Amino acid sequence: MSDQQPVIQVNQLYHTYLRGTPFEVQGLSGADLEIRRGEVVGIIGRTGAGKSTIVQHFNGLIRPRERGKVIVLGQDMADPTVNVRSIRQKVGLVFQYPEAQLFERLVGDDVAFGPFKMGLKLDEVRDRVRWAMNIVGLPFEKFKDRFTFSLSGGEMRKAAIAGVLALRPEILVLDESTSGVDPRGRKELLADIRKLHEEEGLTIVFVSTNMEDMAALVDRVYAVDGGKTVMSGSTGEIFSQPEELRRHGLGAPQITDVMHQLKQRGFPVNERCVTVAQAEDEVWKILNS
Amino acid sequence: MEPIIQVNDVTFLYNPDAPNPVQALCDVNLTIYPGDYVVIVGHNGSGKSTLAKHLNALLQPTKGDVLIRGLDTRVPANLLDIRSTVGMVFQVPDNQIVATVVQEDIAFGPENLGVPREEILARVDWALRVTGLEAVRTHAPHLLSGGQKQRVAIAGVIAMKSAVIVLDEATAYLDPVGREDVLRVVRELNSQGVTVVAITHFMHEALDGNRVIVMEAGKIVMDGTPREIFARADELRELQLDVPQTTDLAYRLHQRLPAFPSDLLTVPETVDAISKFAQPLGLGQRKEMAV
């Protein structure tokens, strides 16, 4: 799926909030990352590390005005003539409390808002809404006339994601969109995201502080701290460095900790296991050899 | 010992007069003793938060009674006592901070209880120390990290000398280190005798408790020690709840090798068990000796 062509490039990016005021806060100070078409990439980092600041550059909510470069789908986001509207349609951003993005009375209307604003015809809007709702597991016929605020927390998140998907983005950015959902809702959301990647070929950027979710979903991880990129590599590479992760306010999934400690005790295991199933196979080798 | 919390046959309906009222709790019985650390798990909508809100009279039962130190939560005259006995910490830290300076926020609770000034100062100092917030006592709360904000909320509760702390998914939005900081403070308070009731979706947090309660559809469906509960992995899976990854691994290995224990909870326990089972085969140890 990945054809190596970068769709998002961030080079040595700096951003200061409330610049020039006494309340100045350094949001980013030299962040780097690159996302290629068809990839599933994770961004991890402690609260305040700069994760959200980075992803808000991806669709022009924040524009690079200081040092550094952001190229999205070939467009230099510092260029004032960039068509931000078209970028926002191609790069869909789902926020931390996605239910706060809902505002219409009926679920179907809420999901339809984006495509209507794009000026699409009713039939096409309806097709897109149907597709988006079905793919996130809110069957169109059953949910389109439900009151938005009668949905459960997990369903609200799905509705908000459907609203973004109805724009038919090429890149879907989820900023802590699975936090605070119950285990069943989280598993369903993760399965939806995987399906969007596998069946629809969407490029996925997943921001989270839940290391288990991260390990279960993404292929590659960037860790940010203090506004900078501090680690990057495959999911296995990153999570097999628990001490380094802890230095940056992060952790590894429990299972990676187990493998790491077995390795330290001298067992010949591959410590780059990130799921329980992988760990089971690795441990079985040393129990059974 | 006298129970500190008694929930007797409690049923609760949201909008009882509506045509289709939502039954959030259904004949719930629960007794909690001083010093307990009870972790409640279950899906959204299973009734966890509704139950938590009954514990300091934010909600009153539609049927049944809730008694806090023997005081009925339905009696208005009991409210001040009940609310100073049971402190709540909610999910989103920003929604529960009222003052513009950390130490003033912590003083807010005891001030409202009419505690004398000297006593408030002493309690604020103590609460700052226990929660590790001394360095930021004069900071603006909204500029703190999520973990720090939740610790401010906890400090506010303990400054009221609450005997019970109820944490309603207080770690949901924190990063791993922030989460660990909050849990460490909660463990410390529990070791000093504070009763803890913690609601969470993170199954490994349930390992801190001496008792785990699983809720589903307004009912308590499982109740036991963490080891007892997580040993029932099949039932948990049926409820679509997680088990800690270590327990999942132990369970899978137990399926392949029945002698392998199925009820492991912590990372060190799991590493030890695997080492023990691998050792007779001469792995690990021998490799170290050869080096």
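Which strand of chain A is A:Gln12 found in? A:Gln12 sits in strand β1 of chain A, residues 6-17. Strands here are DSSP E runs of at least two residues, helices are H or I runs of at least four, and both are numbered from the N terminus.

Some ground rules. This is a predicted model, where local features need pLDDT of at least 70, side-chain atom pairs count only at pLDDT 80 or more, and totals for chains, interfaces and linings use all residues. Residues are numbered from 1 along each chain as its sequence is written, with chains lettered from A and ligands numbered from 1 in the order in which they are written.

Back to A:Gln12. A:Gln12 is not a glycine, yet its phi is positive, about 45°. Most residues other than glycine have a negative phi. A:Gln12 counts as partly exposed because it has 14 C-beta neighbours inside 10 Å. The cut-offs: buried is 20 or more other C-beta atoms within 10 Å of the residue's own, exposed is 12 or fewer, partly exposed is in between, with C-beta atoms placed from the backbone.

B:Lys161 has a positive phi near 55°. B:Lys161 lies in the loop between α5 (146-158) and β7 (164-168) of chain B. With 18 C-beta neighbours inside 10 Å, B:Lys161 is therefore partly exposed.

Now the sheet in chain A. Six strands form an open, mixed sheet in the order β6-β7-β8-β3-β9-β10. Two strands pair if DSSP finds at least two bridges between them. The edges are β6 (91-94) and β10 (228-234) of chain A, each pairing on one side only. Twist averages 15° from one strand to the next. Inside the sheet, β7 (171-175) and β8 (203-207) of chain A run parallel over five bridges. A:Ile171 has A:Thr203 as its bridge partner in β8(A).

Helices lie across these strands. α7(A) lies across β3 (40-44), β7 and β8 of chain A, at about 155° to β8(A). Axes are lines fitted to C-alpha atoms, for helices over the stretch in contact, and angles run from 0 to 180 degrees between N-to-C directions.

Over to strand pairing in chain B. β1 (5-14) and β4 (63-68) of chain B are antiparallel over five bridges. B:Val7 stands opposite B:Val66 there. β4(B) also pairs with β5 (71-72) of chain B, antiparallel, over two bridges. B:Ile68 faces B:Leu71 in β5(B). β4(B) and β5(B) make a hairpin with two residues between them, and B:Arg69 in the turn has a positive phi of about 50°.

Last, the interface. 36 residues of chain A contact 41 residues of chain B. Contact means C-beta atoms, placed from the backbone, within 7 Å. On the chain A side, α12(A) gives the largest share, seven residues.

One helix pair to look at. α11(A) and α9 (245-256) of chain B have axes that come within 8 Å and cross at roughly 65°. So α11(A) and α9(B) are roughly perpendicular. The bands: under 35 degrees is roughly parallel, over 145 roughly antiparallel, 65 to 115 roughly perpendicular, the rest oblique. A:Gln254, A:Ile255 and A:Val258 meet B:Gln245, B:Thr246 and B:Leu249 in this contact.

Definitions and conventions. Two residues are in contact if their C-beta atoms, placed from the backbone, lie within 7 Å.
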